[in-house]
Amino acid sequence: MRWINWLFAAMRTYGGGILEMPDLMDTRRAFLAHCQANLAALRREGRYREFAHLEKLSGRFPLYRWHRPDGVREVTVWSSNDYLGMGAHPQVLAAAARAVEEHGAGAGGTRNISGTSPLHVALEAELASLHGKPAALLFGSGYIANQAGIAAVLEALPGFIVFSDAKNHASMIAGMRGAKGAGRVIWRHNDLQDLEAKLAAAPSGAPKLIAFESVYSMDGDIAPIGAICDLAERYGAMTYLDEVHAVGLYGATGGGISERDGVAHRVDLIEGTLAKGFGVFGGYIAGDADMVDYIRSTAGGLIFTTSLPPAVAAAALESVRVLKRLPERRVALAERAAALKSALDAAGLPRLDGPSHIVPVWVGEAELCRQVARRLLEDHAIYATPINYPTVPRGTERLRLCATPFHTDAMIAALVTALQAVLPTAAIRQAAE
Ligand SMILES: Cc1ncc(COP(=O)(O)O)c(C=O)c1O
């Protein structure tokens with residue numbers, strides 16, 4: 001009758017009050033007070049996130065329908081990560097529709113519990129070939145691929161140290177933080193000297209992983225992958241490269257910056273998404289067959305979750321296959337991004353310079369950034385996402401623009417006119433200094 005002893009002990013401790021469970025009520029009140037104070041602070045600082053209700057129109061991308069309480073309005077979206085418009089490619093849509101018809105809506109199980117269809121297997125083979133790797137492994141999203149994949153690697157060997165670029169995505173940081181026992185050293189963004197100094201200072205016998213991205217999503221700059229691989233070889237480190245903002249977009253067949261630079265074979269693990277350049281959904285890791293098999297066998301974020309719906313796998317498979325043979329989309333993206341940049345420059349608008357398709361426009365203050373985005377939407381029917389802390393450091397708030405092959409000259413001209421109207425001259429002058 002151990003539970004009776006426990007009850008008497010508890011009653012002695014809490015003087016009988018245990019039956020009213022006062023602690024439970026206090027916890028709820030404390031949590032609610034915390035939520036309310038936190039939300040008030042976010043609103044005060046102009047960082048409260050409001051999701052615009054935007055209805056994507058597959059035949060008319062990048063036009064969307066903006067749903068407001070007082071009606072619906074057509075707007076041009078300048079902040080979609082469907083960078084190549086593949087989310088509306090007719091072959092991709094047909095593949096998805098066929099798969100829904102043939103296999104239903106959901107996978108109905110984890111990979112291990114009847115959730116591995118031939119479509120999943122074919123997509124993994126296609127992704128492995130895209131990166132010139134022996135194997136690839138699908139995850140529920142790019143976020144989960146990073147979180148689960150990095151943690152699985154870092155927990156494999158005792159004393160693992162991960163060398164993380166300072167601007168790495170939250171999903172990579174989640175993977176590093178979630179890895180029990182691993183050390184983390186942060187190197188200055190894209191700074192090879194700092195990386196080398198930090199690698200040299202670490203114990204030479206410790207297992208090391210260099211984790212970085214190819215295209216950084218908020219600044220639009222690109223990592224020197226080959227030079228980072230040189231350092232990895234010199235210091236006996238493995239490399240983990242996030243190509244989320246590059247797959248489909250760069251390289252002869254859409255294999256990303258590592259393909260463009262001819263260095264994919266030097267990177268140990270390449271991570272990507274099917275949700276941006278490929279326009280669908282899901283994430284993956286590609287690499288050595290045994291490494292990928294090990295991650296498959298140990299990563300909780302893969303094992304304990306339902307696999308991608310067959311229609312998603314079918315659409316992604318078609319998108320990867322189509323894009324491999326569609327360099328015209330990549331050329332059109334580069335041309336449109338260049339046209340956007342030169343139009344902004346000609347109008348004297350403040351943009352962060354960078355070599356990629358991502359074009360940040362400087363604002364420099366959180367509340368102002370939110371207001372600029374709101375006026376663009378309400379007064380000019382243009383949607384551009386305001387990027388605030390913690391996604392970027394305070395004082396570097398910006399709008400994040402991405403041209404796609406479907407943004408016309410007229411859309412660029414309308415955007416420039418609107419930005420000139422809503423960006424305060426003070427912000428423009430400050431950015432120019
Ligand atoms: C660098 C980077 N990695 C991973 C992800 C997550 O990808 P997904 O949207 O497929 O979850 C993102 C998302 O934007 C990202 O920016």
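Modeller: We can go through the ligand site, then a sheet, then some backbone details. This is a predicted model, in which local features need pLDDT of at least 70 and side-chain atom pairs count only at pLDDT 80 or more, while totals for chains, interfaces and linings use all residues. Residues are numbered from 1 along each chain as its sequence is written, and side-chain values use heavy atoms, with hydrogens and water left out.

Biologist: How many residues surround the ligand, and which are the closest?

Modeller: The ligand is surrounded by 13 residues, and the closest are Gly142, Asp242, His245, Thr273 and Lys276; a residue counts as near if one of its heavy atoms lies within 4 Å of the molecule.

Biologist: And how does that shell divide into nonpolar, polar and charged?

Modeller: There are 2 nonpolar, 8 polar and 3 charged residues in the shell, where Asp, Glu, Lys and Arg count as charged, Ala, Val, Leu, Ile, Met, Phe, Trp, Tyr, Cys and Pro as nonpolar, and the others, Gly among them, as polar. Helix α5 (residues 142-154) gives the most to the shell, with 3 residues; helices are DSSP runs of H or I with at least four residues, strands are runs of E with at least two, and both are numbered from the N terminus.

Biologist: Which polar side-chain atoms lie by an oxygen atom of the ligand?

Modeller: A polar side-chain atom of Thr273 lies 2.6 Å from a ligand oxygen, and one of Lys276 lies 2.9 Å from a ligand oxygen; for these contacts, the cut-off is a pair of N or O atoms within 3.5 Å.

Biologist: Changing topic, what is the strand order in the open sheet?

Modeller: The order of its 4 strands is β1-β2-β3-β12, with mixed pairing, and two strands pair if DSSP finds at least two bridges between them. The edge strands, each pairing on one side only, are β1 (53-56) and β12 (382-383).

Biologist: Which way do β1 and β2 run?

Modeller: They run antiparallel, joined by 4 bridges, and they form a hairpin with 6 residues between them. Strand β3 (residues 71-77), by contrast, pairs with β12 in the parallel sense over 2 bridges.

Biologist: What kind of peptide bond joins Phe61 and Pro62?

Modeller: That bond is cis, with omega about 10 degrees, and Pro62 lies in the loop between β1 and β2. The bond from Tyr389 to Pro390 is also cis, with omega near 10 degrees. As background, most peptide bonds are trans.

Methods
Polar contact = N/O pair within 3.5 Å; in protein donor to acceptor, adjacent residues only side chain to side chain.
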